[in-house]
Amino acid sequence: MGIDITCPSCGHDDRVQRVPAIRATGTTTVYGTDYRSGVAVGSTGMMPVVGSSMTERTFTTSLSQSLALAPLQRRSGKLVFVGLILSIPALFGILIAVVNFSDPMSTTPLPVFFLANFLLISALATPSLLLFWTASHRSRRNSRIAKGISVSKHIWSTGHYCHRCGYCFWPYPIAPGIPARQAITPDNFRRFVWSSGGYANL
Ligand SMILES: [Zn+2]
């Protein structure tokens with residue numbers, strides 16, 4: 001016996017499509033080259049510079065966007081890299097403080113020395129600490145989404161969409177709390193899926 005995939009709203013099944021199929025056809029990734037031009041200052045003076053870079057853009061139709069399995073995961077690798085570079089001045093600050101501390105000729109009172117160096121090193125370290133904090137926040141969010149997808153993917157992939165009515169539905173009971181044979185809007189469909197994965201409010 002086959003599964004009844006007729007739309008609960010119009011009773012037809014000729015324009016019903018599975019949600020993963022809509023998602024696959026609604027997303028287009030375009031690779032291209034961006035050209036830039038500008039002026040650089042070199043040893044011989046100003047000179048024109050022309051450069052190019054490979055780009056990758058993903059276009060998504062609004063329907064496929066509202067039927068997304070999960071929110072976009074933002075990468076944190078670049079933030080960690082920039083954070084490491086920005087931490088170099090603070091490391092130098094610590095090094096200089098250690099060198100000054102072991103200077104026998106120093107006349108600065110100890111509390112003043114510690115306070116001044118603490119303030120300086122904290123100020124130098126703030127940008128990189130902020131980046132590290134953002135990166136760890138992102139990776140925590142990413143891992144929560146990845147964990148949630150293992151639950152929500154099954155629910156998402158059994159969803160159907162009727163192109164005649166613009167409604168989504170599940171043709172049979174798939175999980176507790178997920179309505180079966182009931183027409184719901186794509187936005188509500190996404191809310192059900194994202195809530196089942198626990199990442200609706202991230
Ligand atoms: Zn329909």
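This is a predicted model: local features need pLDDT of at least 70, side-chain atom pairs count only at pLDDT 80 or more; totals for chains, interfaces and linings use all residues.

Residues are numbered from 1 along each chain as its sequence is written, and side-chain values use heavy atoms, with hydrogens and water left out.

The zinc ion has as protein donors the SG atoms of Cys 7, Cys 10, Cys 162 and Cys 165, at 2.2 to 2.4 Å. Donors are N, O and S atoms within 2.8 Å of the metal (3.2 Å for Na, K and Ca); water is not among the atoms, so sites may look incomplete. The spacing of the donor residues in sequence is C-x2-C-x151-C-x2-C. The arrangement is tetrahedral because the 4 donor atoms subtend angles of 103 to 115° around the zinc ion; for four donors, the term requires all angles to lie between 85 and 135 degrees.

Cys 7 is buried, at 2% relative accessibility, whereas Cys 10 is partly exposed, at 27%. Buried means under 20% relative accessible area, exposed over 50%, and partly exposed in between (1.4 Å probe, protein chains only).

Elsewhere, Phe 81 is exposed, with a relative accessible area of 52%. Phe 81 lies in helix α3, helices being DSSP runs (H or I, at least four residues) numbered from the N terminus.

Terms used:
Helices (H or I, at least four residues) and strands (E, at least two) are DSSP runs, numbered from the N terminus. Four donors count as tetrahedral if all angles lie between 85 and 135 degrees; four count as square planar and six as octahedral if opposite donors are over 155 degrees apart and all others between 65 and 115; anything else is irregular.
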